[in-house]
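The report is meant to be read alongside the coordinates.

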Amino acid sequence: MKYTRCLDTSEQYKYSASKTFLDLAAAKKWDLLVYGDYNAVMPVPYSKKYGLKVVHHPKLCQQLGIFSLKDDIKLNDEFLHFLRTNFLVWYYAFNERNKFSSVLEKRTNFIIYPDSYENVRQKYSPKRKRKLRLDESVKADSELKNINFDEVSGFIQKNMIGHQNNKDLKVFLDTFKRFYDAGLLRFSAFILRNEIINLLAMYEDSSATVLLGTFNKPETVKLAGSSVLIDKAIENCIEHKIFDFEGSDLPNIKEFFQGFRPVERTYQCIRNSKKEVMKNAFNLLLKGKSIF
């Protein structure tokens, strides 16, 4: 309860740091660093790699970091130092409001903040506006529909890009299913002639609608079903919530998101190679730290 209270009243609030979200995304494998009597908190997800306890973000979890009433560089530096000297860190991303005295690697996220739908749509790029004008033949023979996990799992398996192997894909699917079963994930499909050609996976809470996955049938990408789905999702939420695109490292997806003219927000992260993780494991063992 104290953790949730600290997070909810923090300057840096992020939906992905909620206990509900983390329990589902990390399958309850996360530690917690606490400053004082929950004056500041930092969730630390982990998994076992090569028998070692390694810190890295679970699937679907973009940002975590330090949460406090007011962001404090000195306090953030203390958390950062403690993390580095007591944990094996493979990858950890702080939130966009966390500032540090040292320079860390930066990544980009895209957000549309609450406004009238008319104002938001007016800012779309000319190309995105054109894409939203569907051909009459497509419009007459298509529909937008929310569908269940069993109906979409096969489509996701065939059309997910960016995953490294079948094991990686299975982790994604298992995570999606946990969120869906908890009633926190919605699948919205663009259906053409009774066939799914585009699909969005969206997480929703009281403050945000979050795009956790975009899946497209490659041969029908030019029909712009994903643009229509995202535009509809924005229309449904943007008066009262932010729309969070969750960013992307893939250039074509990044360009696609930018067509909706979101605000670009940077956040900082720590990223280590496998070689660096093993070197750090040896150093922590020499200091008598537990890494198992």
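## Basis of the report

The structure is a predicted model, and local features are considered where pLDDT is at least 70, while side-chain atom pairs count only at pLDDT 80 or more.

## The second largest pocket

Rolling a probe the size of a water molecule over the atoms shows where empty space is left. In this model the second largest pocket holds about 610 Å³ of space, and its lining is made up of 25 residues. Those that lie nearest its centre are Asn-216, Val-221, Asn-252, Ile-253 and Phe-256. Sorted by class, the lining of this pocket contains 11 polar residues, eight nonpolar ones and six charged ones.

Which elements each supply at least two residues of this lining? They are α5 (126-131), β11 (208-216), α9 (225-237) and α10 (251-258), and the largest share, six residues, comes from α10. Ile-253, which is found in helix α10, is one of the residues nearest the pocket centre, and it counts as partly exposed because its relative accessible area is 22%, where buried would require under 20%. Leaving out residues up to four places away in sequence, Ile-253 touches Ile-161 and Ser-248. The C-alpha atom of Ile-253 is separated by 9.2 Å from that of Thr-214, a residue 39 residues apart from it along the chain.

## Nonpolar cores

The largest nonpolar core comprises 58 residues, and the members that touch the most other members are Met-42, Leu-83, Phe-94, Ile-156, Phe-176, Phe-187 and Leu-199. Helix α8 (residues 166-181) supplies the largest share of this core, namely five residues. Apart from this core lies another, of 26 residues, which includes Tyr-124, Ile-230, Ala-233 and Phe-260.

## A buried asparagine in a loop

Asn-98 is placed in the loop between β6 (91-93) and β7 (105-112). Is Asn-98 buried or exposed? Its relative accessibility is 2%, and Asn-98 therefore counts as buried.

## Loops and backbone angles

Most residues other than glycine have a negative phi, and most peptide bonds are trans. Tyr-38, although not a glycine, has a positive phi of about 60 degrees; it is found in the loop between β1 (30-35) and β2 (40-49), and with 30% relative accessibility it counts as partly exposed. Ala-224, also a residue other than glycine, has a positive phi near 70 degrees and is placed in the loop between β11 and α9, where its relative accessible area of 7% means that it is buried.

A further loop residue, Ser-116, has its place between β7 and α4 (117-122). The side chains of Ser-116 and Asn-119 are joined by a polar contact of 3.1 Å, and, leaving aside neighbours within four places in sequence, Ser-116 is in contact with Ile-238 and Glu-239.

## Distances in sequence and in space

Glu-151, in helix α7 (residues 149-159), is partly exposed, with a relative accessible area of 45%. The C-alpha atoms of Glu-151 and Phe-187 are separated by 9.6 Å, the two residues being 36 residues apart along the chain. Leu-169, in helix α8, counts as buried at 8% relative accessibility; Leu-169 and Arg-133 are likewise 36 residues apart in sequence, but their C-alpha atoms are 33 Å apart in space.

How many residues separate Asn-194 and Ser-142 in sequence? They are 52 residues apart, with a C-alpha to C-alpha distance of 7.7 Å. Asn-194 is found in the loop between β9 (185-192) and β10 (195-204), and it counts as exposed because its relative accessibility is 77%, the cut-off for exposed being over 50%.

Key. Residues numbered from 1 in each chain as written. Heavy atoms only, no water. 1 Å grid on protein atoms, 1.4 Å probe; cavity = no way out; pocket = protein on both sides within 12 Å on 5 of 7 lines; lining within 4 Å. Points joined across faces, edges and corners; volume = space filled by probe spheres on them. Helix = DSSP H or I, 4+ residues; strand = E, 2+ residues; numbered from the N terminus. Nonpolar A, V, L, I, M, F, W, Y, C, P; charged D, E, K, R; others polar. Buried < 20%, exposed > 50% of the residue type's maximum accessible area, 1.4 Å probe, protein only. Core = buried A, V, L, I, M, F, W, Y, C linked by side-chain atoms within 4.5 Å. Polar contact = N/O pair within 3.5 Å; in protein donor to acceptor, adjacent residues only side chain to side chain. Contact = heavy atoms within 4.5 Å.
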